[in-house]
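I opened this notebook to record what I looked up in one structure. The entries follow the order in which I consulted the model.

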Amino acid sequence: MNEIFREWTRRARRKGITAVMSVRHSDEENLSASEKMKLDVLNFLGRNYGSLEGKRILELGCGIGRFTRELALRASNVTAVDMTLGMLERAKDYTADITNITYINSRITDLDALPEFDIVFETITLLHILDEKEYRKSLEIMKSAAPYIFICEHMADSAPVSPYSKLRTFEQYEQDFKPFKLIAYDKNHYCAGDWFPMMLFKK
Ligand SMILES: C[S@@+](CC[C@H](N)C(=O)[O-])C[C@H]1O[C@@H](n2cnc3c(N)ncnc32)[C@H](O)[C@@H]1O
């Protein structure tokens, strides 16, 4: 477990967007892939969830805040959670001009007494929860936090996997989020050559 913490602390010191993306690609490739991914995710939410205006969002594994910023600019407020202090510090810097974000330094499984949210949002975080018990508990917390859950995850395909990742399949996520219903998805969402399906669940 400590090794995973150390790895994320190391990644938080990586230059630019590569802190939350693969070192298999150049900084330029990662930057343009990240811009595309932000647009894809926001468009998917706009089409399938609707406007974020007035919404209270719980973002899990916010990393350096690239989505936190976009969400906070559109929603009523964002509570952004990450277990890595170095990531949160970068996220705070990146969103220093925005006042409707609350940052929490915590593992998902250590969150308690959360207020009500309209939607739980996470990108590329569940695959880094390797321990099956912790993964299951994280999903339970997500399901209890809001009536909608959005995920965008690197899923099982032929891409190389780091020792800090566990790729699950689209079907497994669909199964694991039950009794939430999968109400919208994009199975063919590619980013920088990897497969990152998006899924929206409703209670
Ligand atoms: C690949 S980064 C993705 C960051 C952000 N969602 C994005 O797409 O830019 C994964 C983040 O999840 C955080 N993380 C991983 N496991 C976590 C857990 N169990 N609880 C809270 N944060 C976690 C890491 O510290 C890291 O910042």
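Predicted model: local features only at pLDDT ≥ 70, side-chain atom pairs only at ≥ 80, totals over all residues.

At what angle do the axes of helix H1 and helix H4 cross, and within what distance do they come? Residues are numbered from 1 along each chain as its sequence is written.

**Entry 1: H1 and H4**

I looked up H1 (residues 2–12) and H4 (residues 85–94): their axes cross at roughly 30 degrees and come within 7 Å. Axes are lines fitted to C-alpha atoms, for helices over the stretch in contact, with angles running from 0 to 180 degrees between N-to-C directions. H1 is therefore roughly parallel to H4; angles under 35 degrees count as roughly parallel, over 145 as roughly antiparallel, 65 to 115 as roughly perpendicular and the rest as oblique. The contact is formed by Trp-8, Thr-9 and Ala-12 on H1 and by Gly-86, Met-87 and Arg-90 on H4, where contact requires C-beta atoms, placed from the backbone, within 7 Å. I sorted these residues by class and found three nonpolar, two polar and one charged. Ala, Val, Leu, Ile, Met, Phe, Trp, Tyr, Cys and Pro count as nonpolar, Asp, Glu, Lys and Arg as charged, and the others, Gly among them, as polar. Helices (H or I, at least four residues) and strands (E, at least two) are DSSP runs, numbered from the N terminus.

**Entry 2: H2 and H3**

I then turned to H2 (residues 27–48) and H3 (residues 66–74), which pack at about 40 degrees with axes 11 Å apart. These two helices are therefore oblique to each other. Ser-34, Lys-38, Val-41 and Leu-42 of H2 meet Arg-66, Phe-67 and Glu-70 of H3. By class, this contact has three nonpolar, one polar and three charged residues.

**Entry 3: the ligand shell**

I counted 19 residues around the ligand, the closest being Gly-61, Gly-63, Met-83, Thr-84 and Thr-123; the criterion is a C-beta atom, placed from the backbone, within 6 Å. H3 and strand S2 (77–82) are the elements that give two or more residues to this shell. Its residues divide into ten nonpolar, six polar and three charged.

**Entry 4: Tyr-148**

I located Tyr-148 in strand S5 (residues 148–152). Is Tyr-148 buried or exposed? Tyr-148 is buried, because 22 other C-beta atoms lie within 10 Å; the cut-offs are 20 or more for buried, 12 or fewer for exposed, and partly exposed in between, with C-beta atoms placed from the backbone. Leaving aside neighbours within four places in sequence, its contacts include Tyr-49, Asp-118 and Leu-200.

**Entry 5: backbone exceptions**

Most residues other than glycine have a negative phi, and most peptide bonds are trans. I looked for exceptions. Ala-113 has a positive phi, near 50 degrees, and lies in the loop between strand S3 (101–105) and strand S4 (119–123). Ala-113 is exposed, since 4 other C-beta atoms lie within 10 Å. Ile-124 also has a positive phi, of about 50 degrees, and sits in the loop between S4 and helix H5 (132–145). Ile-124, however, counts as buried, with 21 C-beta neighbours inside 10 Å. Lys-178 and Pro-179 are joined by a cis peptide bond with omega of about 10 degrees. I placed Pro-179 in the loop between helix H6 (170–176) and strand S6 (181–186).

Key. Contact = placed C-beta atoms within 7 Å.
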